[in-house]
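Please consult the sequence and the structure alongside the text.

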Amino acid sequence: MSVLTRAEAQTRAELLDVRRYTIDLDLTRGEETFDSLTVIHFTARGDLKAADTFVELKPAELRSAILDGQPLDPATLDGNRLPLTGLTSGEHELRIDASMRYSHTGEGMHRFTDPTDGETYAYTQLFMDDVQRVFAAFDQPDLKAVFELTVTAPDGWTVLANGVTEHTGGGVWKAAPTPLISTYLVAVAAGPWHSVRTEHRGLPFGIHCRRSLAPHLDADADEIIDVTRACFDRYHEKFEEPYPFDSYDQAFVPEFNAGAMENPGLVTFRDEFVYRSAVTDTERQTRAMVIAHEMAHMWFGDLVTLKWWDDIWLNESFAEYMGYQTLTEATRFTDTWVDFGVARKAWGYDADQRPSTHPVAPEAVEDTASALLNFDGISYAKGASALRQLVAWLGEKDFLAGINTHFARHKFANATLADFIDSLADSTERDVHAWADAWLRTTGVDTLVPRTAGHNSSHTLTVDHHGSRPHRIAVGLYDQDLSDHGRLTLRERFELDVPHNGTARPIGSRPALIVLNDGDLSYAKIRFDDLSFTTVQEALSGIPEPLTRAVVWNALRDAVRDGELPPADYLKAARTHLPHETDLAVVQGVLAFATSHVAGRYVADEDRPDALATLTDLCRDLIRRTEDGDNPGLRLTAVRHRIDTATRPDTISAWLSEGTVPGGPELDPELRWRILGRLAVLGAIDDAVIEAELVQDPSASGQEGAARCRAALPDPETKRKAWDEMFAADDLSNYLFTATAQGFWQPEQAALVREYVPRYYTDAVAVAERRGPAIADAAGRYAFPVYAVDTETLHLGETCLRDATPIPALRRRLADQLDDLARALRVRA
């Protein structure tokens, strides 16, 4: 299959004006394929006598293609390209009749049968170039068109689409024509959905899920709809351009590869957001943030769309920033930036320090395969951080004025970075172009270090700036009250431009703690002077504001990753301060890093039991602290990590037998499968126990839990079977592949699975080539031998990248994993 290049897209955009697609999909043709009939009305521009181009599709069978009444030879289909030759200027009609394959990897038209009740669902994910799996298209974002969609579905199904749908009888559903949108934003979701419908501001709103999840959606429907309405209203206060589509549906769909997709009028979410089991309030906040993020896309991404994929940050960074900010302003989730700082932002920092880093706004992305690699922590978290810094520097009033200018100029059309910066520049006296060059065209993370000089009550502060970007930061000066258990109090917080004019700032007497980037408004690593670091070790939990504590914990995390802070010291800080932490997002972020990175990779193999013991003791303290039931989210977090860090089966086996943790919570499906997963690793259960649990929970989540547990069993034959299921059989769905991969590699089983480490590189390359980008991503992310922290694993991977030819999605994942492995080796050293 050929990927579309930037040059090809530019040439085709100069040649064609695509006006309308009429698409008929028939989903009643069986379990393997569906029918797709597409009529495209387009105009060839200019004074043409004979021009050539192509249309894209990936059919199971191309039955016929007719251009202006003349049949084309289906045999001329070359991969995914059907040539259109001899085009003359004027209007044309292209008719394509094809049979298309359903997907089980979350790409194109994904088909899923719910093991709970046997009901089947189908939905589209057409991002980047997967529209070609569903209908023929001139598939590039700057050839916007009107889409008229008709879907024939089995009896009892409901069809959702970008516009309001109407059942015209006989299983035929017709969707209202869309405004001008890009091909990748067309959406269909069909099945026997459970729906909750309402209306807001005269528009129909709906939320939808599988029938088997109906009780869980109903339990949270008010919260989901309230967040949706609040964000919708807040965006109308911010944006002068009204919501541009005729309805707003949110469908929670199975086996979805992303968090969500911003299809106009029909946002699709992974249906793990319909919670079957208990969750923390931070997890509810995450769901609300994704709702806010996707709604922001209705304007930035859908109304105004990038011209080519090098500007993907214009979509994702904007929606990321606006999602967190709007949720903070419009809902009960007022501390969203704490979670962003301690969890999401780390994603950006990590990505930006790998060899695969790229600018937020790359100069040129040559083709769609390269573009797909840029959906990472840089385009999301770093880009959102850059926009947050821009707002701090520019002021929100001028920022929103520029945004509204941008919408007015480019609505229902396409725009570039240059267009966006021009719109901002017209709303301010500041040099936005220079800011964009410094922030959006560069890579890497700046580092800021405080330096003080003076004596007694006369000290000055300067900031050593290692990097190239200008920063507007807040600096917090904290004093320590030794009479109040060493609690810290904020003496002063002031803004500082870095680099500044070189003048040291007077700060009076020497504070106990200096925090640069207090409030987390910029994107930079920070360090501490010696006295501040001592204070952090002694009194981190005494810092008054959770966002400041998040900044400090991020600094400690960076220091561990950079080899400046021993992993054991990070665990000691967690053991000392988390029992007193009041912000759940901070607890979750620190425990996640301590468990997965520190205990999982950074401590030497022989030190891992001690690291797990430290985390187990910490979790016990948190469980004791929450015995009064006042903080169920913290208790649930502690219970989860107590399970994950167990080195002996007795306690968690007793919980499983009793069906509850003493004092609560009772074990719901998520906790039961979590315990079974850890018991499988420890060799304390067998396949019969897993099968018995699956009888009690035959759901899709139960199937994934069982696959994860089976792969984790310390049995050679079970490991061989799991490996073959992942890399030989090719029939695991994307979710079952991921679950199996998550169970397979375990630090406690290093000797058992050592023979699979060299096999991984050969087999991953082959399965990625056969099954495509979604499975390639899962193979690189979840099936990589992450716990084999040794030079042999690194050498094997480097040889693979040098001598083999993994597809781009896998190559990028492997490059990142190997860089993380090299970092882990340096940290251990």
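## Strand β13 and its partners

Strands β12 (residues 165-169) and β13 run antiparallel and are joined by four bridges. In this predicted model, E166 has K174 of β13 as its bridge partner. The two strands, β12 and β13, make up a hairpin with two residues between them. The turn includes G170, whose phi is positive, at about 65 degrees.

Strand β13 also pairs with strand β10 (residues 146-152), again in the antiparallel sense, here over three bridges. V151 has W173 of β13 as its bridge partner.

## Overall architecture

The protein contains 27 helices and 28 strands. Its radius of gyration is 27 Å, close to the 28 Å that the globule rule gives for 829 residues, so the protein is as compact as a globular protein of that length. Along the principal axes, the C-alpha atoms fill a box of roughly 90 × 70 × 55 Å.

Of the 829 residues, 59% count as buried. The accessible surface amounts to about 30400 Å², and carbon and sulfur atoms account for 49% of it. When contacts between residues at least 6 apart in sequence are considered, 72% join residues at least 24 apart.

## Aromatic pairs

A pair of aromatic rings is described by the distance of the centres and the angle of the planes. The structure holds 49 aromatic pairs. One of them is formed by Y123 and F256, with 5.9 Å from centre to centre and 50 degrees between the planes, a tilted arrangement. Y123 belongs to strand β9 (residues 120-125), while F256 lies in the loop between β17 (248-253) and β18 (260-261); the pair therefore ties together parts that are 133 residues apart in sequence. Both Y123 and F256 are buried.

A further pair consists of W723 and Y756. The ring centres of W723 and Y756 are 4.9 Å apart and their planes stand at 40 degrees, so this pair is tilted. The pair links distant parts of the chain, with W723 in helix α21 (residues 716-727) and Y756 in helix α24 (residues 756-771), 33 residues apart. W723 and Y756 are both buried.

## Charged groups over aromatic rings

## Backbone exceptions

Most residues other than glycine have a negative phi, and most peptide bonds are trans. E255 is not a glycine, yet it has a positive phi of about 55 degrees. E255 is found in the loop between β17 and β18. With a relative accessibility of 9%, E255 counts as buried. N517, also a residue other than glycine, has a positive phi near 60 degrees. The position of N517 is in the loop between β27 (513-516) and β28 (525-526), and at 1% relative accessibility N517 counts as buried.

The bond from V498 to P499 is cis, with omega near -5 degrees, and P499 is placed in the loop between β25 (487-498) and β26 (505-508). G664 and P665 are likewise joined by a cis peptide bond, for which omega is about 5 degrees. P665 lies in the loop between α17 (650-658) and α18 (669-681).

Is T113 buried or partly exposed? T113, a residue of strand β8 (residues 108-113), has a relative accessibility of 45% and counts as partly exposed. Apart from its neighbours within four places in sequence, T113 is in contact with G118, E119 and T120. The C-alpha atoms of T113 and A700 are separated by 9.1 Å, although these residues are 587 residues apart along the chain.

Definitions and conventions
Residues numbered from 1 in each chain as written. Predicted model: local features only at pLDDT ≥ 70, side-chain atom pairs only at ≥ 80, totals over all residues. Heavy atoms only, no water. Phe/Tyr/Trp six-rings, centres within 6.5 Å; stacked < 30°, edge-to-face > 60°. Buried < 20%, exposed > 50% of the residue type's maximum accessible area, 1.4 Å probe, protein only. Rg over C-alpha atoms; globule rule 2.2 N^0.38 Å. Contact = heavy atoms within 4.5 Å. Areas by Shrake-Rupley, 256 points an atom, 1.4 Å probe, with all protein chains shown as cover. Pairing = 2+ DSSP bridges.
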